[in-house]
Each structure stands twice: as structure tokens, then as C-alpha cells.
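Biologist: Could you show me how to read the inside of a protein model, one feature at a time?

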Amino acid sequence: METMGTLRRTHYVGGLRLADAGAEMTVAGSIAKCRNKGGIIFADLRDTTGILQLVFDDFTDPAVFAKAGSLKSEYVVIARGKLRERDAKTDKLPTGEVELFVTELRVLSAAETPPFEIRDEVTVKDELRLKYRYLDLRRPAMHEPIMLRSRICQIVRNYLAGAHFCEIETPCLTKSTPEGARDYLVPSRVQPGHFYALPQSPQIYKQLLMLSGFDRYYQIARCFRDEDLRADRQPEFTQIDEELSFVTQDEVMEVNEGLIKALWKEILGIELPDAFPRLCWDEAMARFGSDKPDTRFGLELMDVTGCVRTSSFAPFAAAVSGGGSVRLINCKGLAAQLTRKTIDKLAEVAKTYGAKGLAYTRLTPEGETSSFEKFLTDGEKSALRAAAKAETGDVLLLVSDADSTRACTALGQVRLEVGRRCGLIDPNAFNFLWVVRFPLFEYSETEGRYMAMHHPFTMPTADSLDKLESDPGGCYAEAYDIVLNGVELGGGSIRINDPALQNRMFRALGFTEEKARESFGFLMDAYRYGAPPHGGMAYGLDRLVMLMLKKDSIRDVIAFPKVQNASELMSGAPDLVDQKQLADLSIACTRAE
């Protein structure tokens with residue numbers, strides 16, 4: 001193979017246009033495709049910015065032409081020549097009006113035939129693409145999201161720096177604390193039997209930075225959670241992490257609306273509304289059955305408990321007697337699409353989220369069918385249909401449960417499935433909103449106690465302070481989530497800065513004084529020396545980029561992602577390690593898979 005010699009790249013190819021024709025330049029990259037037509041050779045050169053056609057013809061030096069004849073896909077080259085207007089222009093490439101007539105060519109690295117074609121239309125299995133991730137990332141469809149992710153990070157840094165934030169790194173080897181997801185643990189060699197935890201977030205450290213007087217902190221932080229994977233979840237992920245002193249909830253939200261608007265304008269060219277709508281958690285659950293509602297379509301939930309309060313229909317009666325509710329959505333005009341077979345599938349969705357079933361009424365021009373109306377009186381039936389504003393062509397879907405939150409959640413998931421199946425969701429819309437006033441606690445049947453819905457440092461609302469011990473289920477938090485198209489984009493809260501209130505919070509969560517001090521003693525000690533009012537927020541960067549670029553999975557916007565079992569197919573991680581390494585760490589494995 002050759003070296004570059006005196007050749008040095010002068011231009012990236014992606015920005016070359018007809019106005020640049022006539023210029024001498026040197027370009028470098030990989031050969032995406034080569035076409036030898038006998039007396040003329042065309043080669044598409046790909047670099048990190050785009051693709052440019054190289055051309056070799058009768059006027060090319062014979063030695064250069066001969067070398068061009070040996071080119072194959074993925075050969076790495078550097079080429080010098082004159083940019084000229086193409087005879088056969090194409091609008092398939094941004095550079096489709098120009099080509100480089102090559103006068104000097106060096107082949108810097110040959111390439112074997114790759115296991116799949118490096119083109120956007122590739123249809124091979126994901127497992128093969130992930131095994132050869134370094135090849136898959138060469139495809140423009142995979143390369144561009146990673147480049148855009150870099151731009152997004154730069155915009156975030158510029159915006160936050162302009163809003164008086166200081167970028168500060170926090171440790172990746174931390175102390176394991178209770179609450180939250182399962183930790184990834186790192187054994188200490190110098191302290192046998194002791195472990196670090198990889199951070200699930202920089203939460204405690206960023207609060208300590210506020211106590212250290214830094215006023216406004218941010219970090220594009222690596223975080224780790226040992227939990228099951230799905231389309232928008234990875235065991236290691238990146239947060240845009242913030243904390244601000246001397247602010248209210250409204251001020252934190254205002255700063256972050258500005259950040260989102262800057263991103264959408266600079267990356268997508270979209271002007272977002274001046275202010276994002278706000279919904280209290282209770283209202284979001286009641287109207288949409290979700291604390292991250294997708295507001296791109298209607299089908300809002302209705303509480304029809306009052307219409308069937310005395311009904312003899314067993315599921316309704318059980319919900320009412322148990323202090324729960326009956327919830328309904330009217331799928332307006334969708335009777336033709338929501339057949340009985342489809343409704344059966346929707347019932348399975350409801351059951352997945354805890355409902356015992358899905359009641360329905362179909363009002364078609366050919367007749368009416370219902371799974372429950374025969375159990376209603378004429379008055380109850382009329383009241384229900386009036387409340388739903390039911391008409392011919394509609395389908396009424398109902399979930400009842402003694403737990404109203406469970407009824408809303410199950411029907412909310414049915415709502416989303418109807419929206420997807422019936423094409424009600426505008427894929428080009430970006431609907432933002434804030435969900436505020438979350439419950440401070442949620443009860444865990446597994447733990448048998450109340451858990452913090454966000455984390456133990458979340459400030460209760462003023463009207464909840466007197467109920468921490470007496471009515472934890474009725475307490476609310478100064479917490480806020482930003483939601484986009486039914487996905488939680490980020491969230492945060494105002495933090496507790498009063499040691500006495502923090503101790504009350506620990507007690508409400510079932511912490512003994514000893515356990516609280518063992519887990520959070522260094523934070524509790526710091527509070528004794530004066531803590532400013534502060535609050536913060538964090539975004540999942542991977543999820544944000546995925547939604548901005550309308551990708552189906554965060555794997556498409558992460559350079560080297562993990563798969564469902566948390567392994568990386570390219571490197572083979574996780575893997576077995578040498579026994580000596582284990583011995584150095586005082587670890588003995590009882591079973592090797």
C-alpha cells in the first residue's frame with residue numbers, strides 16, 4: 001500500500017457545489033462504489049460529510065487510470081484533481097452537479113469484501129450489523145445520526161454556557177445507595193470485599209455542587225443502570241444533567257424550554273411555541289391514562305362511574321364498591337376499523353396493564369353489539385351514551401377497576417394502540433408538554449412500603465408538608481417532566497434544602513436514622529453548613545436524539561450499543577476474565593455460564 005506522501009486533504013466532499021467547479025483540491029475517504037465502463041471509470045468517494053464522484057477517462061495519466069482500475073469498495077484513498085461540472089447530473093446526492101477529475105491517486109489501504117453492502121438499503125439482520133458495527137456506521141443512514149448527535153451536544157453546551165452554567169465532571173466510581181434501579185458494581189482491589197457503584201445519575205454530586213457555591217452546573221454525563229433493555233433503554237446511557245441554585249420550578253422550566261427551542265430551531269429548522277402546555281399529574285392520568293401523554297390525537301378518557309354506579313354488571317359493581325372507577329374512550333367513527341377481532345386484541349393490551357378485561361359497545365349502521373349493555377337499565381344505558389356523545393359509527397371501550405390509577409393506565413394503553421392501529425397519530429408533529437405536581441410517593445407492593453416516585457431529595461409541595469407522616473399517599477412533589485409525543489424526554493424537581501425536612505422524608509420512606517446516615521451521611525452533613533434552595537433536571541440524550549431524528553430505537557443514535565441481553569456483539573462484552581484478575585479482586589465465581 002502507498003502512503004499519502006506530500007498529499008494532504010484540502011476539502012471535505014459533502015459541501016462541494018457547482019460554485020466550486022474549477023478549483024484544484026485533494027480529497028480523502030473510502031470508495032463507496034466503483035464502476036469501470038472500459039474507457040472511463042467512476043468511483044464514489046465517501047468521507048464523513050458525504051459522497052463525491054471521482055472520474056478517470058482518456059485524459060487521465062495512464063498510470064493513474066491503471067491504479068483506478070484496481071479500486072474496489074471500501075478501499076481507502078486520497079486523490080487530487082480539478083472539480084468540474086458533471087455531464088449527467090443527479091439529485092440523489094447533494095454533490096450531484098459536480099465531480100472530481102483525478103490527476104493523482106494513492107491507495108492507502110485495501111479492503112476485503114465486507115460481509116454486507118455498505119449502503120442504506122441494506123436488509124441484513126441486526127445481529128450481523130452489530131457484529132460489524134464499524135462497517136455499519138459507514139452507511140450514511142447510520143453515520144449522520146452520530147454526527148448530528150455531536151452537533152446537538154455542541155448546541156447544548158453553547159446554550160447552557162450562555163445561561164451561566166459551569167460544566168463540571170462528577171465521579172464514575174461512587175457509593176451504592178438504596179432506591180432507584182439495580183446498580184452496576186465495581187470491586188475494589190485495594191479494599192477487598194468493598195465495591196464502588198457506577199452512577200445511575202450524578203444526583204447527589206450535583207446537589208453537593210450547589211452547596212459548594214457553583215450556582216449553575218451541567219454535565220453531559222455517562223450513567224449506568226442494570227435493568228432490562230427495550231427500544232429506548234440501554235444499560236449505559238448519557239444524560240444532559242443540570243442543577244441550579246436560587247430558582248423556582250417555573251424558572252427551571254423556563255430555562256429548559258429555551259434549550260429545547262434552540263435545539264429544534266438549529267437542528268430541524270422548527271420554531272416551537274412560546275410556552276409549552278402544562279398538565280398536573282392527576283389531570284394527565286384522568287384524561288390520557290398516562291403521566292407521559294401523547295397529545296397528537298384525541299380519544300381522551302372519560303370518568304363514567306356516575307352513569308353506572310348502581311349497575312348490576314359485575315365488573316362495574318366491583319369497581320364501584322372497591323372505591324375505584326369506570327373509564328371510557330369513544331373511538332369516534334372507527335367502528336369499521338375496530339372489529340370484534342381487533343377489540344379482542346385490544347383487550348389483551350388492557351390485561352397486560354392489569355385490567356381484568358375490556359368492555360365494549362359497537363354502534364354500526366348494520367346494528368349494535370355490546371359486551372355489557374344488556375346488564376344495564378335503560379336509564380343507565382342512555383346516561384352512558386349521552387356522556388360519551390355516542391353516535392352511529394362509534395366504538396365505546398371501557399375499563400373498570402377498584403384501583404382508578406390502574407383503570408386509567410390500562411385504558412390509556414388501549415388508547416395508544418387504537419391511535420397506532422387507526423392511523424390517528426401525526427408522525428410529523430412535535431407535541432411538547434410539561435407534567436407537573438407528581439405524587440411524592442408511590443406504594444410498592446413488593447417492598448411493602450412507600451417509595452419516592454422520583455428520589456428522596458424531592459421537595460414536597462407546600463400543601464403536603466403537614467401530611468408526610470399522616471398521609472404519604474396524598475402528598476405531592478415539586479417535580480416536573482417534559483414530555484414529547486408520549487415519551488418522557490427529561491425530568492427533575494426542586495430539592496429539599498432543610499435538614500429537618502430531609503430527615504422527615506427519610507422517615508416517611510422507612511429509613512432508620514442509621515440507614516439514612518449509612519447511605520447519605522455525607523449529604524446530610526453538608527446540609528448542616530448551609531444549603532441554597534436549588535433544583536435541577538436531566539434529559540436522556542440518547543432518547544432526545546432518537547426523537548428529534550424520528551428513529552425507532554436509541555441503538556440507531558449510539559455508536560456502539562448493547563443488545564437485549566446487555567452484551568455488545570462486536571467486542572463480545574461481557575466476557576469471562578482470567579482467574580488471576582479475579583484473585584487480585586478477592587472474587588470467587590460460584591458458577592460460570
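**Rings, cores and a helix**

Modeller: Start with F432, which counts as buried because its relative accessibility is 6%. The cut-offs: buried is under 20% relative accessible area, exposed is over 50%, and partly exposed sits in between, using a 1.4 Å probe and protein chains only. F276, at 5%, also counts as buried. Keep in mind that this is a predicted model: local features need pLDDT of at least 70, side-chain atom pairs count only at pLDDT 80 or more, and totals for chains, interfaces and linings use all residues. Residues are numbered from 1 along each chain as its sequence is written, and side-chain values use heavy atoms, with hydrogens and water left out.

Biologist: How many aromatic pairs does the structure hold?

Modeller: Rings of Phe, Tyr and Trp (its six-membered ring) pair if their centres lie within 6.5 Å; planes under 30 degrees apart make them stacked, over 60 edge-to-face, and the rest tilted. By that rule there are 16 aromatic pairs here. In one of them, the ring centres of F276 and F432 are 4.9 Å apart with planes at 15°, so this pair is stacked. F276 sits in the loop between α6 and β11 (278-280), while F432 is in strand β17 (residues 432-436), so the pair links distant parts of the chain, 156 residues apart. Those labels are DSSP runs numbered from the N terminus: helices are H or I over at least four residues, strands are E over at least two.

Biologist: Why do F506 and F520 count as stacked?

Modeller: Their ring centres are 5.3 Å apart and the planes meet at 5°, so they pass the stacked test. F506 belongs to helix α12 (residues 499-508) and F520 to helix α13, so the pair ties together parts 14 residues apart in sequence. F506 and F520 are both buried.

Biologist: And which residues form one aromatic cluster?

Modeller: That would be W264, F276, F430 and F432.

Biologist: Which residues touch the most other members of the largest nonpolar core?

Modeller: A nonpolar core is a set of buried Ala, Val, Leu, Ile, Met, Phe, Trp, Tyr and Cys residues joined through side-chain atoms within 4.5 Å. The largest one here has 107 residues, and I260, L358, L397, V414, V418 and F432 touch the most other members. Helix α6 (residues 249-268) gives this core its largest share, eight residues. There's also a second, separate core of 23 residues, with V13, V27, I31 and L71 among them.

Biologist: What does V418 touch?

Modeller: Contact means heavy atoms within 4.5 Å. Leaving out residues up to four places away in sequence, V418 touches L299, C331, L334, L338, L346, L397 and L424.
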